[in-house]
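Subject: Structure handover

Hello,

Here is the structure I promised to pass on. My notes on its cavities and one of its sheets follow below.

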Amino acid sequence: MTVKFGTDGWRAVISEEFTFANLRLVAQAIADLACAENPTDPSVVIGFDTRFLSDRYAAEVACVMAANDIQTLLARADTPTPAISYAVVNRMATAGVMITASHNPPRYNGVKLKASYGGSASVEQHRLVERYLLENEASGREPRLMPIEEAIQSGRVVKFDPAWAYYEHLGTLIDLDIIHEGELRIIHDAMYGAGRRTISEMLMRSRTDVLNLRDEMNPGFGGIHPEPIAKHLTLLASAMQNSNRHAGLATDGDADRIGAMDARGQFVDPHRIFGLILRYLLEKRGLRGRVVRTVSTTRMVDRIAAEFGLPVVETPVGFNHISDLMIGDNVVMGGEESGGMSIHGHIPEGDGVLMGLLLLEVMAEAHKPLHVLVDELLDAYGPAQYARTDLKLSRPVVKVELTHKLVETAPETISGVAIEEVRTSDGIKYYLADGSWLLIRPSGTEPVLRVYAEGPSDERVRALLEFGEAIAAAER
């Protein structure tokens, strides 16, 4: 079989490519990697989300691990990805496997591979898994398999609850006393995902009133994409407008991403969440170090960091690039425009639950509504409006070739504003004189051109997107 791991694992359509047979092949390759990295005492933590068959897929992976003499911890119930990632570190495991397709549509499922440090496996580790897959197929080597009952009885597979160790760790990263004194009334929209009831469980002993929305088990996610962006959060927006609540928090299918709503039912995107939390960590907690953001994330982050004399590192899209820096350096906070963020002291993994709790701490400490905090942020470091569009192409394009072409034909201005700098770390990014920017990134897996823009006004953003769309039209 041909399996390609993206920036955070393998995803495919259930019953088409994502089948039990193919999953066993992938699990065997992961087992080979775990045994190669720890020949004497390999161990693996396995978790799963709320998707159709995720629990059974996870058990199947555990059966393969047990047959390869790998000590396996299998989550008892659906669990957020960051909880499984933390368990890898907490239990000093060789690796972690999370059965999830994250924010993707319900027809998908997938495998996220976690390294011993609790973040996404490296590109090299993913390539090794792909190599083991090919070698096993070429040699006719079938996956090893042990019945789950035998694996549990022998002690090779142990079921466990990763939640409480994870909650205890989160308690060291947030100030529950500040949140308690805020007496906030909030809604947590779990979008039927594995983050369900995590916020309310963390705050059960505080004076925070949490209303859980879409927290029941629904493997089809009610037909929605479990991605916390405005177009999928109309139910949360309606609930906010019809209730006296301070804020709404939304986590994606495996709870490693965050989105929010203010009291008026207006969407608060991850760029602004990143800015609010970063400013709080620097101002109120006095943290210092590097700040890391992906190429598609707001430059408000740069302006906040500059106020405190801190360097900003721009990475390609994908939290694995942020993770690499968080492992080896003093990073205050890292994040991306899709809602994956983490802070110093935590695992190098996006965590929507932690970010939601930190946002509540920011609100409680300031004694101000979320929309006021956002307005103050924009007054101080903006204005900054943002938009993204995905444009279908008639054929896939080679990223390197298109990037080279766009560099060679880069104009001096876009809509009358001078281009000051062009970067090519991931697609092509134009930095303009008025602080705006335009990013054009071909997808590496499908014929799609992604166009991102940030500017001082909606009109400016629209002009930038139109420039990007014209490029897409020329490639169709």
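Start with the lining of the largest cavity: by class, it has three nonpolar, three polar and three charged residues. Please keep in mind that this is a predicted model.

The residues in that lining are Asp269, His271, Arg272, Thr298, Met300, Ala384, Gln385, Tyr386 and Glu454. Two or more of them come from each of α10 (270-283) and β16 (385-392). The volume of this largest cavity is about 40 Å³.

In total, the structure holds two cavities of 30 Å³ or more. Leu33, Glu37, Thr94, Ala95, Leu113, Lys114, Ala115, Ala121 and Gln125 line the second largest cavity. Here α1 (20-37) and β5 (108-114) each supply at least two lining residues. By class, this lining divides into five nonpolar, two polar and two charged residues.

Now the sheet. Six strands form an open sheet, with antiparallel pairing. The order is β16-β21-β20-β19-β18-β17. The edge strands are β16 and β17 (413-414), and each pairs on one side only. β16 also gives residues to the lining of the largest cavity.

Inside the sheet, β19 (residues 428-432) and β20 (residues 437-442) run antiparallel and are joined by four bridges. Which residue in β20 stands opposite tyrosine 431? That is tryptophan 437.

Best wishes

How values were computed. Residues numbered from 1 in each chain as written. Predicted model: local features only at pLDDT ≥ 70, side-chain atom pairs only at ≥ 80, totals over all residues. Heavy atoms only, no water. 1 Å grid on protein atoms, 1.4 Å probe; cavity = no way out; pocket = protein on both sides within 12 Å on 5 of 7 lines; lining within 4 Å. Points joined across faces, edges and corners; volume = space filled by probe spheres on them. Nonpolar A, V, L, I, M, F, W, Y, C, P; charged D, E, K, R; others polar. Pairing = 2+ DSSP bridges.
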